[in-house]
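Subject: The structure we talked about

Hello,

I am handing over the structure to you with this email, and below it you will find a short account of what turned up when I went through it. Please keep the structure open beside the text while you read.

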Amino acid sequence: MLNLKSSSLQLSTNDDRSLRVVPSLRTETTPCKFYASLIHSVRTKKRISVKSNSVKVTKSVISSRCLSAPLYPVAPSIRGSTTRTYIMRPRSIDGSNGAHRFTSEMFTEKGWHAIVSAPELAKEYQQQVVEVEHLLKALLEQPNGIARRIISRAGGDSTRILERVNAYAQRQPKLTGDVYQVLGYNLENVINQAVELAKKWGDSFCSVEHLLLAAVDDTRAGKTLISGSGSRNATPDYVSKESLEQSIREIRGSNKVQDQDPEAKYDALSKYARDLTQAARDGKLDPVIGRDDEIRRCIQILSRRTKNNPVLIGEPGVGKTAVAEGLAQRIIAGDVPESLRGRTLMALDLGSLIAGAKYRGEFEDRIKAVIKEVTSSAGQVVLFIDEIHTLVGAGATSGAMDASNLLKPLLARGELRCIGATTLDEYRKYIEKDPALERRFQQVFVSEPSVAATVSVLRGLRERYELHHGVRISDGALLEAAALSDRYIADRFLPDKAIDLIDEAAAKLKMEITSKPLPLDEIDRRIVQLEMERLSVEKDMNAGGGGGG
């Protein structure tokens, strides 16, 4: 029985279980009509009749777990009625009703953003109970979110899963009007399980991957929508919990969640570097011709025990980056010593590392994440840094350390194998001024090739440019391009200027073939110009004739 005048209310059931209800609003003495119901998140199915000052439970299947909930009136008073209606609200996220309190300090930024976005998504669906499907939708819709990357790496289709989540949410009951949003029982269990999982893994904060793994165990929606264990027609775009865990281990590596932005440090190499060996395996790199001596010298330096870091020095356009690409092609072909066989050559993009690092220490965190992935690979990753002089002073603000000082200890001990590339002037201006950094690199000078060597390079690239432009390039054109560019373009260097000459000529020829010929185009434009002049003269004559009349 329920006494409405008491401050602490008690619902008694036939199986000696009770559900304590603490009213958050004062009960009115005026007779009014109410409707009493316990919502889905309390995990109960019962009929409650409220008459005058008592409540009688006629049928109860209450969970053994007692939940604390405030009591809310939800309908206006109606004269002549002695029945009242209440809705029992389950525990809230902020713990204002005495339940477990979830705060932003317990979660990472993206994890907490997904949790607080779930009620907004539930409101869009016109639903009162915030449940697991709303959290899943928030996780999968995060820009640059890690949830999609985890599912994709595990072999699932995140887009199809998001479609299923959206369709499932739309099938849930809807309420119109102003309603109190409440935290669902299943979502509460998922969040609690995610927090416990973070503690089990030794993480300081609960992150997106913890929430995603906990959601997979949800018997109501998670298993059906993600793993397909509750679905009769499971398709290959579903993903199991075991494959998700394996995907998380691959993305996280040995990293722990020690701050509230760990996602920026996960899989740092794939975000801030380009895999040259994979590009060579896919045939996306141009053939490298005439740089055998430089490539062999790089291989020799990389095979050293310490200070195994070559730096390619040469004028702009002589082919420093091509040396690194040639090394990647040799690694794929197996034409390298045992110390480099099967290794991965990653080209670091310093621009991506610096971009968006607006807070002090953010750039340092990114470069440290990259370094940690390279060193934890136990020599399996070789780093290539183009324009390595930009490392000096990169990220250095008041009280911060630039990137070169972060690399120096690892470069000296041989834990980080790195290939650098820079021009001669910039090497003298930046690298030589820092003797501690200079002594950790071994110089490899890349000189400008001769005209004959340039012709060989052009012959190796001819097929690629013919395929791109859809034209045929004769051998005589290659000879003339090398000779004339060397003679008349004095401020640039071979083979870059000869390659640009061929590329420009082929583009011009393709444009003339596919568009209107230049003489005809000039005639057409002249006709349009004369037509405009004629119309202008006729307008003036008509205006003058009208004025004279």
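I would begin with Asp-500, which counts as partly exposed because its relative accessibility is 32%. Please bear in mind throughout that this is a predicted model. Asp-500 forms a salt bridge with Arg-492, and the closest N and O atoms of this pair are 2.4 Å apart. Arg-492 is likewise partly exposed, at 33% relative accessibility. Elsewhere, salt bridges that share partners join Glu-131, Glu-133 and Arg-220 into one network.

Is Arg-330 buried or exposed? Arg-330 has a relative accessible area of 15%, and because buried means under 20%, Arg-330 is buried. Its two partners fall into another class: Asp-292 is partly exposed, with a relative accessible area of 42%, and Asp-335 also counts as partly exposed, at 47% relative accessibility.

Next, please look at how two of the helices are placed. The axes of helix H2 (residues 132-140) and helix H6 (residues 208-216) come within 11 Å and cross at roughly 140°. That angle makes H2 oblique to H6, because only angles over 145 degrees would count as roughly antiparallel. The crossing of H2 and H6 is left-handed.

Finally, there is a feature of the surface to find. Which residues form a nonpolar patch there? They are Leu-484, Tyr-488 and Leu-501, which together have about 300 Å² of accessible area. Of these, Leu-501 lies in helix H20, which covers residues 496-514, and Leu-501 is partly exposed, with a relative accessible area of 35%.

Conventions. Residues numbered from 1 in each chain as written. Predicted model: local features only at pLDDT ≥ 70, side-chain atom pairs only at ≥ 80, totals over all residues. Heavy atoms only, no water. Patch = residues over 30% accessible without salt bridge, like charges linked within 9 Å, V, L, I, M, F, W, Y side chains within 5 Å. Areas by Shrake-Rupley, 256 points an atom, 1.4 Å probe, with all protein chains shown as cover. Salt bridge = Lys/Arg side-chain N within 4 Å of Asp/Glu carboxyl O. Helix = DSSP H or I, 4+ residues; strand = E, 2+ residues; numbered from the N terminus. Buried < 20%, exposed > 50% of the residue type's maximum accessible area, 1.4 Å probe, protein only. Axes fitted to C-alpha atoms, helices over the stretch in contact; angles between N-to-C directions. Parallel < 35°, antiparallel > 145°, perpendicular 65-115°, else oblique. Left-handed = near helix turned anticlockwise from the far one by under 90°.
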